[in-house]
Amino acid sequence: MAEEKIYLTKEGIEALKNELDHLKNVVRLEVLEELKEARAQGDLSENADYDAARQRQAEVEARIKELEVNLDNVAVISETKGGIQLVKLGCTVTVLNLNTLEVEKFTIVGSLEADPLNGKISNASPLGKAILGMKKGDRVTVKAPKQYDVEIKLIERS
C-alpha cells in the first residue's frame, strides 16, 4: 500500500532532515551511552535506569522511523510564481468570517507544519479543505463542528 503524500515547504523538509540527523548522530549515541552505564550497574532485572534507557531508545528509534517514512513520502509545496488565482498549498489567504465579521490571515501548509497559533493551517483542516481551489471573492461554508461561512478576500504568495 502506497503511503499518503505529506506536503511540506522547503523549510519544513529541512527541519525534518535536521531532526533526523540530530537523532541519528547525537541522541542515538547518548542513548547507547546511557544503556552502557545502566548495564554496568549490574542486575538488569530490577534496574530502573536500564528500563528507562531502553524506553528512550525505543522512542528515539520510533521517531527516526517516522521521520524516514515522512521524508520518503514528502511532496514539496512549490513556491507560487506570478499572479495567484486559486487557493493552493503555500498560499497566504485572507478571509472574512461572514458569521462573526472577523478577518483572518493564514498560510495553507501540510499537516506536519500546521501551527494555527502562528498563522499556519493544514490543508486537511476544515477551513483548509473548504477554501482549497477557490478564488478571490468566493464564499464557502466550512464544515466544522459548528459550520460557518467565509469569503476569500485576498490570495498571496507566502
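Strand 6 and strand 7 (residues 148-157) run antiparallel and are joined by four bridges; strands count as paired if DSSP finds at least two bridges between them. Helices (H or I, at least four residues) and strands (E, at least two) are DSSP runs, numbered from the N terminus. The model is predicted, so local features need pLDDT of at least 70 and side-chain atom pairs count only at pLDDT 80 or more, while totals for chains, interfaces and linings use all residues. Residues are numbered from 1 along each chain as its sequence is written, and side-chain values use heavy atoms, with hydrogens and water left out.

- Five strands form an open sheet in the order 5-4-3-7-6, with mixed pairing.
- Strand 5 (120-122) and strand 6 (139-142) stand at the edges; each has a single partner strand, so one side of each lacks a neighbour in the sheet.
- On average, neighbouring strands of this sheet are turned by 45° against each other, direction ignored; the axes behind such angles are lines fitted to C-alpha atoms, for helices over the stretch in contact, and angles run from 0 to 180 degrees between N-to-C directions.
- Strands of a sheet pair through backbone hydrogen bonds, in either a parallel or an antiparallel manner.
- Arginine 139 has glutamate 151 in strand 7 as its bridge partner.

- Strand 3 is mostly covered, as seven of its seven residues are buried; buried means under 20% relative accessible area, exposed over 50%, and partly exposed in between (1.4 Å probe, protein chains only).
- Both faces of strand 3 are covered, with Cys91, Val93, Val95 and Asn97 buried on one side and Thr92, Thr94 and Leu96 buried on the other.
- Seven bridges connect strand 3 with strand 7 in an antiparallel arrangement, and asparagine 97 stands opposite valine 150 of strand 7.
- Strand 3 is also antiparallel to strand 4, with five bridges between them, and valine 93 stands opposite phenylalanine 106 in strand 4.
- A hairpin is formed by strand 3 and strand 4, with five residues between them, and leucine 101 in the turn has a positive phi of about 65°.

**Nonpolar cores**

- The largest nonpolar core has 19 residues, and those with the most contacts inside it are Val93, Phe106, Ile108, Leu127, Ile131 and Val150; such a core is a set of buried Ala, Val, Leu, Ile, Met, Phe, Trp, Tyr and Cys residues joined through side-chain atoms within 4.5 Å.
- Two or more residues of this core come from each of strand 3 (91-97), strand 4 (103-109), helix 3 (126-131), strand 6 and strand 7.
- Strand 7 makes the greatest contribution to this core, with four residues.
- Another core, of 16 residues, lies apart from the largest one and has Leu8, Leu16, Tyr50 and Leu71 among its members.
- Leucine 127 is in contact (heavy atoms within 4.5 Å) with Phe106, Ile121, Val142, Tyr148 and Val150, leaving aside neighbours within four places in sequence.

**Salt bridges**

- The structure holds 10 salt bridges, each defined as a side-chain nitrogen of Lys or Arg within 4 Å of a carboxyl oxygen of Asp or Glu.
- Lysine 24 and glutamate 68 form one of them through their side chains (2.9 Å, N to O).
- This pair links distant parts of the chain, since lysine 24 belongs to helix 1 and glutamate 68 to helix 2 (residues 48-72), 44 residues apart.
- Lysine 24 is partly exposed at 30% relative accessibility, and glutamate 68 is partly exposed at 27%.
- Glutamate 30 is bridged to arginine 56, with the closest N and O atoms 3.5 Å apart.
- Because glutamate 30 lies in helix 1 and arginine 56 in helix 2, the pair ties together parts that are 26 residues apart in sequence.
- Glutamate 151 and lysine 153 also meet in a salt bridge through their side chains (3.4 Å, N to O); glutamate 151 is buried at a relative accessible area of 12%, whereas lysine 153 is partly exposed at 38%.

- Aspartate 138 is found in the loop between helix 3 and strand 6 and is buried, with a relative accessible area of 18%.
- Not counting residues up to four places away in sequence, aspartate 138 touches Val150, Glu151 and Ile152.
- Alanine 15 belongs to helix 1 (residues 10-39) and is partly exposed, with a relative accessible area of 45%.
- Alanine 15 and glutamate 113 are 98 residues apart in sequence, and their C-alpha atoms are 9.9 Å apart in space.
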